[in-house]
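Good morning, everyone. Let's bring up the model.

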Amino acid sequence: MSAITAPLPAPPVAVWEVARRPLRFLGSWWPWRCWAYLGGGFLLGYPVLVALVLLTGLGVLLAVTGVGLLLLTAALAGAVPLGELERGRLRWVDPEPVPDPHTSLAGAGAAAWLRTRLRERATRREFGYAALLGTVFGAAGFGVLALVAFSLLLVSSPALVWALAPEPVMLVPGRAVSGPLEALGGTAAGLAGLVLAAYAGALIAGVQVKTARLLLGPREEDGRVLELTRSRVRLVEAFEAERRRIERDLHDGAQQQLVALSMTLGLAEMRLRGIPEAAPAAALVARGRDEAKLALEQLRDLVRGIHPQVLTDHGLAAAVAEVALRHPVPVTVDLAHLPRLPEPVETTAYFTVTEALANAAKHSGASRVGVAGRVEGDRLTLTISDDGRGGADPGAGAGLAGLADRVAMLRGRLTVSSPLGGPTELRVEVPCSE
């Protein structure tokens, strides 16, 4: 596995960099962007907080009934779309995008999506961010918005005093303002309040940017998981390359030599048969020729077992159909609608099916076996079932465990259902892309 490079230093917070130059900052759209960002966080944060309190609170109270677990799952899974929304909303105050830390699940079904997301650390970090958004950042956004609203009210105080005259207007409790000119002091105070709100908004928005990068972005351990997945794929590809080399060497080397040996022994046998005193030697040569033919047949079976040519030429459906014809138990194959798949996927699926068929013939006592498969989205699903005695235990031997390991190398999944008395069903799910 290739080494992980050291993480790059975090980019600077854009709003903090701009705020270092007051004239440029105050005369730009940056304060308004910060206020809009914090205001959006306030409007979004409190509904999120209410949802989290209800789902987690009820989930804990109802956990013993089973309904609570569904509520807790919904609370955790709901943090994923919120994290996606917040990564997009972050662009209002920071041009540096935060990458999605989750594994790509293009074409996966809802159940596979949920299982994967619940196992990922990034989902738990997003849940923590949701709690912070509803409490800390929501409250901070409300405070900044209240200061902005009050400051704007003070800035417009001369116009309010003029519009409401002769009604008295009090900017300070207990002291009425006599006219618009006297209200200019309120305008000055309002402008100071806007400057304070601008820098408060920039500070809080910058803190939220740093928090979002920490909780909503990828981490080094996420990179290790991705690199491990890529390493598994590279391992599969290296295994396939070595398999092709061995197959080619056996086909072009040892197999051809056995053919030549068989022909040479045949010629020698023909010549010895014409010599009466060489009859014992002719019998030995004939026996040697039969042994060479047997070795050649075994070698051909070995090459076919390493990787059948029909799998390369015609795909998974044709290769499984060929195996089914030679199987001692009747096998029904329903793979006609499968498209051609990536070579590692077809190879893994083929050997999984052949191993499952061999196990059914040896151990199940089945009278029939069924193999079915389909591609949904970006995932191949295979089902191998038999009507045997059942009781297959993945932990009892290396057979099923080896199948699970082979499937896991492609980030796939093997599920075994085999109650005593049968039937037995193996379900294989393999992604069709890296």
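Let me start with a question: are Asp94 and Arg213 buried or exposed? Both Asp94 and Arg213 are buried. Keep in mind that this is a predicted model.

Now, what do these two do together? Asp94 pairs with Arg213 in a salt bridge, and their closest N and O atoms are 3.0 Å apart. Look at where they sit. Asp94 is in the loop between H4 and helix H5 (110-119), while Arg213 is in helix H8 (residues 184-216). They are 119 residues apart, so this pair links distant parts of the chain.

General idea, briefly. Opposite charges on side chains can pair when the charged atoms come close.

How many salt bridges are there in the whole structure? A search finds 13.

Next pair, please. Arg87 makes a salt bridge with Glu126, again with a closest N to O distance of 3.0 Å. Arg87 belongs to helix H4 (residues 67-89) and Glu126 to helix H6 (residues 121-155), so the bridge ties together parts 39 residues apart in sequence. Arg87 and Glu126 are both buried.

Last pair. Glu429 and Arg427 meet through their side chains in a salt bridge, 3.1 Å from N to O. Why does Glu429 count as buried? Its relative accessibility is 12%, and the cut-off for buried is under 20%. Arg427 comes out at 27%, so Arg427 counts as partly exposed.

Conventions. Residues numbered from 1 in each chain as written. Predicted model: local features only at pLDDT ≥ 70, side-chain atom pairs only at ≥ 80, totals over all residues. Heavy atoms only, no water. Salt bridge = Lys/Arg side-chain N within 4 Å of Asp/Glu carboxyl O. Helix = DSSP H or I, 4+ residues; strand = E, 2+ residues; numbered from the N terminus. Buried < 20%, exposed > 50% of the residue type's maximum accessible area, 1.4 Å probe, protein only.
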